[in-house]
Amino acid sequence: MSRYERWGALLELLAKEGRLDVDEAAGVLDVSAATIRRDLDQLAQQQMLTRTRGGAVAHSVSYDLPLRYKTARRASEKQRIAVAAAGLVQPGQTVGLNGGTTMTEVARALVTRADLHAEGDATTLTVVTNALNIAGELAVRRHVKIVVTGGVARPQSYELIGPLATGILREVALDVAMLGVDAVDVEHGASAHHEGEASINQLMAAGADRVVVAADSSKLGRRAFARICAVDAIDTLVTDASASDALIARFQDAGVRVLRV
């Protein structure tokens, strides 16, 4: 397990339990107590938690992990989801992508599709995104036209938010809005932890002919702080095979097409 994987696992445990004991955490992660102490000290320096004698207690940001700590969480599921979601895009379409680890994988899956490549400098796909990391990865792809919103960068997710981001999204039309979300529920719809990200996602969804939500099964049946859209605005939900039949049936009854991969 790499350092970032350990840090992500520690922060997840801390978010769940509220506090951590060094020896217990060492047992869970199968590493030495000295390694855990070092990890907790480094996370405390980054203001991610508060150190205590023998462990740590949760800091207010622990529930919303920075993107760099999320990359290894449910990685195989996210990659399968990304390939399936990318397969819903047709050549020549304009696609909106928000930020997050799942959407980063969707962007990678899109640009590796052979049918979306063209001879010379011809454009076969237009991507509108508010995610700086996604824009950076796709900018070198000659067959992809990149449109980046303005806005203020949010360090947690590398997403641009605020009034400067909303201006562009009100002026463009999307064939498909691909949304990574923090939670999606039949009653509450899709939602995000941060209200600024939710606001941008709302505009992406409103300006698209189709809305595709890509979310692993751990996010299904849950609610986050800020609503993105109601479930009846979601055309397709792409999730992993661990999602329960009962939960999938509820989304289907609500009129959502579900792809379970």
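The structure is a predicted model in which local features need pLDDT of at least 70 and side-chain atom pairs count only at pLDDT 80 or more, while totals for chains, interfaces and linings use all residues. Residues are numbered from 1 along each chain as its sequence is written, and side-chain values use heavy atoms, with hydrogens and water left out. Helices (H or I, at least four residues) and strands (E, at least two) are DSSP runs numbered from the N terminus. Two strands are said to pair if DSSP finds at least two bridges between them.

An open sheet of seven strands has the order 6-5-4-9-12-14-15, and its pairing is parallel. Its edges are strand 6 (144-148) and strand 15 (257-260); each has a single partner strand, so one side of each is left without a neighbour in the sheet. From one strand to the next the twist averages 20°, where axes are lines fitted to C-alpha atoms, for helices over the stretch in contact, and angles run from 0 to 180 degrees between N-to-C directions. Strands of a sheet pair through backbone hydrogen bonds, either parallel or antiparallel.

Within this sheet, strand 4 (residues 94-97) is joined to strand 5 (residues 125-129) by four bridges, in parallel. Leu97 stands opposite Thr129 in strand 5. Strand 9 (residues 174-180) pairs with strand 12 over six bridges, again in the parallel sense, and Ala177 stands opposite Val211 in strand 12. Strand 12 also pairs in the parallel sense with strand 14 (residues 236-239), over three bridges; here Val212 stands opposite Thr236. Five of the seven residues of strand 12 (residues 208-214) are buried, so this strand is largely enclosed by the rest of the structure. Buried means under 20% relative accessible area, exposed over 50%, and partly exposed in between (1.4 Å probe, protein chains only).

Helix 5 lies across strand 9, strand 12 and strand 14, and runs at about 150° to strand 14. Helix 9 packs on the sheet as well, touching strand 4, strand 5, strand 9 and strand 12, and its direction makes about 150° with that of strand 9. Arg80 is found in helix 5 (residues 75-86) and is partly exposed, with a relative accessible area of 38%. Leaving aside its neighbours within four places in sequence, Arg80 is in contact (heavy atoms within 4.5 Å) with Asp240 and Val261. The C-alpha atoms of Arg80 and Asp240 are separated by 7.5 Å, although these residues are 160 residues apart along the chain.

A further open sheet has three strands in the order 10-11-13, with antiparallel pairing. Strand 10 (183-185) and strand 13 (226-229) are its edge strands, each pairing on one side only. On average, neighbouring strands of this sheet are turned by 35° against each other, direction ignored. Strand 11 (residues 189-192) and strand 13 run antiparallel and are joined by three bridges, with Ala192 opposite Ala226 in strand 13. Helix 9 (residues 195-206) packs on this sheet, touching strand 11 and strand 13, and its direction makes about 10° with that of strand 13.

Nine salt bridges are found in a search of the whole structure. A salt bridge is a side-chain nitrogen of Lys or Arg within 4 Å of a carboxyl oxygen of Asp or Glu. Asp39 forms one with Arg6, the closest N and O atoms being 2.6 Å apart. Asp39 lies in helix 3 (residues 33-45) and Arg6 in helix 1 (residues 3-17), so the pair ties together parts that are 33 residues apart in sequence. Asp39 and Arg6 are both buried. Arg113 forms a salt bridge with Asp115 at 2.7 Å between the closest N and O atoms; Arg113 is buried, with a relative accessible area of 16%, whereas Asp115 is partly exposed at 44%. Salt bridges that share partners also join Glu105, Arg108 and Glu137 into one network.

In helix 6 (residues 101-111), 10 of the 11 residues are buried, so the helix is largely enclosed by the rest of the structure. Glu105 is one of these buried residues. The side chains of Glu105 and Arg108 meet in a salt bridge (3.1 Å, N to O). These two residues, Glu105 and Arg108, are three residues apart in helix 6 and are therefore separated by about one helical turn. Arg108 counts as partly exposed, at 36% relative accessibility.
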